[in-house]
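I'll jot down what I looked up, one topic at a time.

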Amino acid sequence: MGYRFTDLTTACHDDWRAYIEHDFVRQLGNATLPEASFRHYLKQDYLFLIHFARAYALAAYKSPTLADLRQAHEGLKTIVDVELGLHVGFCSEWGISEEALAELQEARATMAYTRYVLDTGNRGDLLDLHVALAPCLVGYGEIANWLNAQSTTLRGTHNPFDAWIAMYESEEFQAAMQAELEWLDARLADVTPARFNELSKIFRDATRLEIDFWQMGLDLSD
Ligand SMILES: Cc1ncc(CO)c(N)n1
């Protein structure tokens, strides 16, 4: 009787739903999110993505097999080629230049989340690190799908945030999410209940830090 990824979301159900269905996400979906909140979030997410790319590079370093190395490489490619590429263009459409991005001061919520993941990866093993990274890759794919399932979500020119949803529902992002889910399901299949409890703690911590990241956007906190 092995574990699967969905056992992690079940183990911290309330936090997971609070992350996926956060007010920031709802307002982004129904186009009521204040532009200043979106802009603040976008800027901080640029810094976030750079540290997350480093975390995937750490996963590559910790990979004992070619299959593990390929999976870490997949995550790194998705962030650097898909997300960060789109992100820089996206920021310029929102009036944020690359020079402005380079000079940003990191918000405390960004620091807390990214450094938590890097620390968890440094002190733990490859599975600890992937579980700490999972709310990011799997969560945003799930958020795009959740938004598309809500009747209140506006798509197309009626929503200034449409391109953001499009990025996370894209085939490339959804495929990276599926690959991560399969990798996690295979590794979770043979962990003990005690080990599963340790992993759910990491998953819950990372999910709570994702909630704080949304809240930082809403509150414009630095
Ligand atoms: C904070 C945050 N979590 C997850 C993702 C998805 O990669 C992102 N871009 N930003």
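**Ligand.** I started with Glu210: an N or O atom in its side chain sits 2.8 Å from a nitrogen atom of the ligand. I count that as a polar contact, meaning a pair of N or O atoms within 3.5 Å; within protein, one must be able to donate a hydrogen and the other to accept it, and residues adjacent in sequence count only if both atoms are side-chain atoms. For Tyr168, I found an N or O atom of the side chain 3.3 Å from a nitrogen atom of the ligand. Glu83 has a polar side-chain atom 2.7 Å from an oxygen atom of the ligand. How much of the ligand does the protein bury? The ligand taken alone exposes 290 Å², and the protein buries 100% of that. (Areas are from the Shrake-Rupley method with a 1.4 Å probe; for residues, only the protein chains shown count as cover.)

**Ground rules.** I noted that this is a predicted model, where local features need pLDDT of at least 70, side-chain atom pairs count only at pLDDT 80 or more, and totals for chains, interfaces and linings use all residues. Residues are numbered from 1 along each chain as its sequence is written, and side-chain values use heavy atoms, with hydrogens and water left out.

**Helix α11.** Next I checked helix α11, residues 193–219. (Helices, H or I of at least four residues, and strands, E of at least two, are DSSP runs numbered from the N terminus.) Its 27 residues reach 38 Å from first C-alpha to last, close to the 39 Å expected; the expected span is 1.5 Å times one less than the number of residues. Just after α11, I found Leu220 with a positive phi of about 55°.

Arg195 is found in α11. Is Arg195 buried or exposed? Arg195 is buried, at 17% relative accessible area. (Buried is under 20%, exposed over 50%, partly exposed in between, with a 1.4 Å probe and protein chains only.) Its side chain makes a polar contact of 3.0 Å with the side chain of Asp128. Leaving out residues up to four places away in sequence, Arg195 touches Asp125, Leu127 and Asp128, where contact means heavy atoms within 4.5 Å.

**Salt bridges.** I then looked for a side-chain nitrogen of Lys or Arg within 4 Å of a carboxyl oxygen of Asp or Glu, which is the salt-bridge rule. The count comes to 17 salt bridges.

Arg187 and Asp68 pair at 2.6 Å, N to O. This pair links distant parts of the chain, with Arg187 in helix α10 (residues 171–188) and Asp68 in helix α5 (residues 66–93), 119 residues apart. Asp68 is buried at 6%, whereas Arg187 is partly exposed at 26%.

Glu169 and Arg155 meet at 3.0 Å, N to O. Glu169 lies in helix α9 (residues 162–169) and Arg155 in the loop between α8 (126–149) and α9, so the pair ties together parts 14 residues apart in sequence. Both are partly exposed, Glu169 at 30% and Arg155 at 27%.

Within it, Glu21 and Arg17 meet at 2.8 Å, N to O. Glu21 is partly exposed at 24%, and Arg17 is partly exposed at 25%.
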